[in-house]
Protein chains: 2
Amino acid sequence: MNKYSLFVKFNIQEGERDTMVDILLEAAESMKNLDECEIYLVNISENEPNCVYIYEVWSNENAHQASLTLEATQTLIKKAKPIITGMERISTLQTKGGKGL
Amino acid sequence: MNKYSLFVKFNIQEGERDTMVDILLEAAESMKNLDECEIYLVNISENEPNCVYIYEVWSNENAHQASLTLEATQTLIKKAKPIITGMERISTLQTKGGKGL
């Protein structure tokens, strides 16, 4: 098995973390019918009040790239942009398998 | 929703990455019947030949702690120990939801 995975950190304006979580949960919802998006999880960290983390698994890299051009994605990016102060792709990975796929 | 998630990096002895992937896939297999372990994914990174990453989601922190004392886990830790040169918990997270849970 060779899936394409990303672990991404967003820095968010103070007080706007919950808004960002909601926007990303909406993004996850919009991918419910997108088979190539296998996992898309929205996380926060107790010690970092201005951050949101995503862990996502895609069937392949192209599927991820293509998703960025979808109308639903574009709408959500527009919505999130004003409250995002930074973004860091912590890891780009190949998922070899495990529980949950 | 408030799940307990971990993103962990293992440093592995040169040439032993595939062995480590196999050990961790075995660990994932042993958790197939453990409902509280919801996701346990084994990943590698193209640019880091001596690393393996795990992303895991648990129902709660206690379930994760308890899993470390299981016989199956202990056996796998014993097996992996000789080839592990380092371990870093990159993130401890609360998963708020998304696709795949």
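These legends go with close-up views of a predicted model that has a chain A and a chain B.

**View 1. Two copies and the axis that relates them.** Let's start with the pair as a whole. Look for Gly100(B): among the residues of chain B, its C-alpha comes closest to the rotation axis, at 3.6 Å.

**View 2. Where chain B touches chain A.** Here 31 residues of chain B are in contact with 31 residues of chain A. On chain B, the elements β1, α1, β2, β3 and β4 each supply at least two residues of the touching side. The residues on that side divide into 16 nonpolar, 10 polar and five charged. Of the interface residues of chain B, 100% are also interface residues in chain A, so the copies meet through the same surface.

**View 3. A strand pair that crosses between the chains.** Strand β2 of chain A, residues 37-45, is joined to β4(B) by five bridges, and the two run antiparallel. To find your place, look for Ile44(A), which stands opposite Gln94(B) in β4(B).

**View 4. Helix α1 of chain B and its buried face.** This helix covers residues 17-30, and its 14 residues reach 20 Å from the first C-alpha to the last, close to the 20 Å expected. Which residues of α1(B) are buried? They are Met20(B), Ile23(B), Leu24(B), Ala27(B) and Ala28(B). Seen down the axis of α1(B), the buried residues fall within an arc of 145 degrees, so they line one face of the helix. They pack against β1, β2, β3 and α3 of chain B, together with β4 of chain A.

Notes: Residues numbered from 1 in each chain as written. Chains lettered and ligands numbered in written order. Predicted model: local features only at pLDDT ≥ 70, side-chain atom pairs only at ≥ 80, totals over all residues. Least-squares fit on C-alpha atoms with pLDDT ≥ 70 in both. Contact = placed C-beta atoms within 7 Å. Helix = DSSP H or I, 4+ residues; strand = E, 2+ residues; numbered from the N terminus. Expected span 1.5 Å × (residues − 1). Buried ≥ 20, exposed ≤ 12 C-beta atoms within 10 Å, placed from the backbone. Arc of directions from axis to C-beta. Nonpolar A, V, L, I, M, F, W, Y, C, P; charged D, E, K, R; others polar. Pairing = 2+ DSSP bridges.
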